[in-house]
Amino acid sequence: MYAYDWLVAVSTTDEAEQVRINFDTKSLFYNGRPIIVGNTYMAPVAYVHQDHARIVTLDGLIAFKGDPYVEIARLYDRFKRSIPSPCDQTMNENFMAYSGALLTDHERHTGIPRIAARLQLEGFILLASCAGILQWRNPMQPVWQGVDPDLILRRKWIV
């Protein structure tokens with residue numbers, strides 16, 4: 001299992017709140033333990049999935065083919081339209097999302113929880129950059145802006 005597959009699986013459980021991603025240190029922590037620091041896999045991951053404890057040995061960071069910037073735009077759109085919990089804010093420290101009042105009925109019924117969408121977006125960016133799949137396109141620019149003007153990546157997250 002790749003780290004990103006594990007992250008997607010965990011993001012849809014109650015355990016999602018135990019995951020912390022830090023772009024500055026390129027690290028992923030679970031229950032306070034470092035799982036990935038830089039592009040270094042630190043330890044097997046123990047977590048609860050469907051009421052069963054599992055220990056997962058990660059085989060790598062991520063398996064992805066295609067344009068990572070297109071995938072980031074797709075994941076960001078999903079995050080932006082995700083369903084907030086009562087304690088969610090419209091903006092976390094990295095990305096902005098719609099408030100629940102701005103979501104359409106269709107988005108409310110078909111969207112995923114904001115925490116899951118955030119972990120999948122941030123996890124993809126972190127793991128794809130650590131694995132070398134996500135490369136900074138213009139070394140002279142400090143930020144990259146997607147087609148959606150609210151989607152902004154910082155150069156320091158990628159290089």
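Biologist: Let's get oriented. In what order do the elements of the protein chain run from the N terminus on?

Modeller: Keep in mind that the model is predicted. The protein chain has 5 helices and 8 strands, and 42% of its 159 residues count as buried. Residues 24 or more positions apart make up 57% of the contacts with a separation of 6 or more. From the N terminus on, the order is α-β-β-β-β-β-β-α-α-α-β-β-α.

Biologist: Let's zoom in on helix 4. How many of its residues are buried?

Modeller: Helix 4 covers residues 114-130, and its C-alpha span from first to last is 24 Å, close to the 24 Å expected at 1.5 Å a residue. After the helix comes Gly132, with a positive phi near 85°. Helix 4 is mostly covered, and the number of buried residues is 16 of 17.

Biologist: Is helix 1 roughly parallel or antiparallel to helix 4?

Modeller: The two helices pack with their axes 9 Å apart, at an angle of about 170°. Angles over 145 degrees count as roughly antiparallel, so helix 1 relative to helix 4 is roughly antiparallel.

Biologist: And which residues of helix 4 make that contact with helix 1?

Modeller: On the helix 1 side, you get Ala3, Tyr4, Leu7, Val8 and Ser11. The residues of this contact divide into 8 nonpolar, 3 polar and no charged. From helix 4 come Ala116, Leu119, Gln120, Gly123, Phe124 and Leu127.

Biologist: Ser11 is in there. Which residue's side chain has a polar contact with the side chain of Ser11?

Modeller: Ser11 lies in helix 1, residues 3-11, and counts as buried because its relative accessibility is 2%. Leaving aside neighbours within four places in sequence, Ser11 touches Ala16, Ala116, Leu119 and Gln120. The side-chain polar contact, at 2.8 Å, is with Gln120.

Biologist: What about Asn94: which side chain does its own side chain join in a polar contact?

Modeller: Asn94 is in the loop between helix 2 (68-80) and helix 3 (105-110). Its relative accessibility is 15%, so Asn94 counts as buried. Beyond neighbours within four places in sequence, it contacts Phe23, Glu122 and Trp157. The polar contact between side chains is 3.2 Å, and the partner is Glu122.

Biologist: Over to Phe29. How far apart in space are Phe29 and Val19, C-alpha to C-alpha?

Modeller: Phe29 sits in strand 2, residues 27-30, and counts as partly exposed because its relative accessibility is 28%. Its contacts, leaving aside neighbours within four places in sequence, are Gln18, Val19, Arg20, Pro34 and Ile35. Phe29 and Val19 are 10 residues apart in sequence, while the C-alpha distance is 5.7 Å.

Key
Residues are numbered from 1 along each chain as its sequence is written. This is a predicted model: local features need pLDDT of at least 70, side-chain atom pairs count only at pLDDT 80 or more; totals for chains, interfaces and linings use all residues. Side-chain values use heavy atoms; hydrogens and water are left out. Helices (H or I, at least four residues) and strands (E, at least two) are DSSP runs, numbered from the N terminus. Buried means under 20% relative accessible area, exposed over 50%, partly exposed in between (1.4 Å probe, protein chains only). A polar contact is a pair of N or O atoms within 3.5 Å; within protein, one must be able to donate a hydrogen and the other to accept it, and residues adjacent in sequence count only if both atoms are side-chain atoms. Contact means heavy atoms within 4.5 Å. The expected span of a helix is 1.5 Å times one less than its number of residues. Axes are lines fitted to C-alpha atoms, for helices over the stretch in contact, and angles run from 0 to 180 degrees between N-to-C directions. Angles under 35 degrees count as roughly parallel, over 145 as roughly antiparallel, 65 to 115 as roughly perpendicular and the rest as oblique. Ala, Val, Leu, Ile, Met, Phe, Trp, Tyr, Cys and Pro count as nonpolar, Asp, Glu, Lys and Arg as charged, and the others, Gly among them, as polar.
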